[in-house]
Amino acid sequence: MSKIDIYLEKILGVDPVSRREFWDILARLKARNITIFVSTPYMDEASRCDRIALIQDGQLLTIDTLENILRDHPATIYSVGGERLYPISKALKAHSAIKSCFAFGENLHITLKDDSKSLEFLKQIIENQGFKNIKIQQVKPNIEDVFIAFMRSSATNSTN
């Protein structure tokens, strides 16, 4: 087991193998047309469900199928990879053209305030900050991207 697996086991009480077995059991129940209600903080687990309700601080953000939730995500998402991602993240978060910038695995996921701007525009912003040897590509949104967008929108609406 990796350090992360051991950490999850200590916190959640379920090792990764048991978690996979649990989901196999749920899949067998679903195949028998049994309705299952799952509550999980793990977006990859939520993605296995027929319908997803995203909830933050007790507020329902959305409820729909995974496909519809992803389809309705309005922003273009760029994945930025390379060296020195923390300094790149700090620089981008301070830039006026950036709507969101967050770590996603070994990359950053970026959205722009003006969605009509291009990948080349983002690349120029990063290079103008002095960062080199970066990889940028447009990616399809995943459930975590959508959840973060809903959380940001919910936070903005609650302060107005």
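Leaving aside its neighbours within four places in sequence, with which residues is H73 in contact? The views below take up this and other local features of a predicted model, in which local features need pLDDT of at least 70 and side-chain atom pairs count only at pLDDT 80 or more, whereas totals for chains, interfaces and linings use all residues. Residues are numbered from 1 along each chain as its sequence is written, and side-chain values use heavy atoms, with hydrogens and water left out.

View 1. Helices (H or I, at least four residues) and strands (E, at least two) are DSSP runs, numbered from the N terminus. Once neighbours within four places in sequence are set aside, H73 is in contact with P141, D145, V146 and A149, where contact means heavy atoms within 4.5 Å. H73 counts as buried, at 12% relative accessibility; buried means under 20% relative accessible area, exposed over 50%, and partly exposed in between (1.4 Å probe, protein chains only).

**View 2. Helix α5 (residues 85–94) and its buried face.** The buried residues of this helix are L85, I88, S89, A91 and L92. Seen down the axis of α5, they fall within an arc of 170°, so they line one face of the helix; the arc is that of the directions from the helix axis to the C-beta atoms. An α-helix has 3.6 residues a turn, so residues three or four places apart point the same way. The cover over the buried residues of α5 includes the strands β3 (77–82), β4 (98–104), β5 (107–112) and β6 (134–139), together with helix α6 (119–128). On the face of α5 turned away from its buried side are the exposed residues Y86, K90, K93 and A94.

View 3. A salt bridge is a side-chain nitrogen of Lys or Arg within 4 Å of a carboxyl oxygen of Asp or Glu, and a search of the whole structure finds three of them. One is formed by R19 with E45, whose closest N and O atoms are 3.0 Å apart. Another salt bridge joins K30 to D50, with the closest N and O atoms 2.8 Å apart. K30 counts as partly exposed, at 39% relative accessibility.

**View 4. The salt bridge between D72 and R71.** The closest N and O atoms of this pair are 3.3 Å apart. D72 is partly exposed, with a relative accessible area of 49%, whereas R71 counts as exposed at 58% relative accessibility.

**View 5. A nonpolar surface patch made by I55, L60 and I63.** The patch has an area of about 290 Å². Patches are made of residues with over 30% relative accessible area and no salt bridge, like charges being joined within 9 Å and nonpolar side chains (Val, Leu, Ile, Met, Phe, Trp, Tyr) within 5 Å; accessible areas come from the Shrake-Rupley method with a 1.4 Å probe, and for residues only the protein chains shown count as cover. I55 lies in strand β1 (residues 52–56) and is exposed, with a relative accessible area of 51%.
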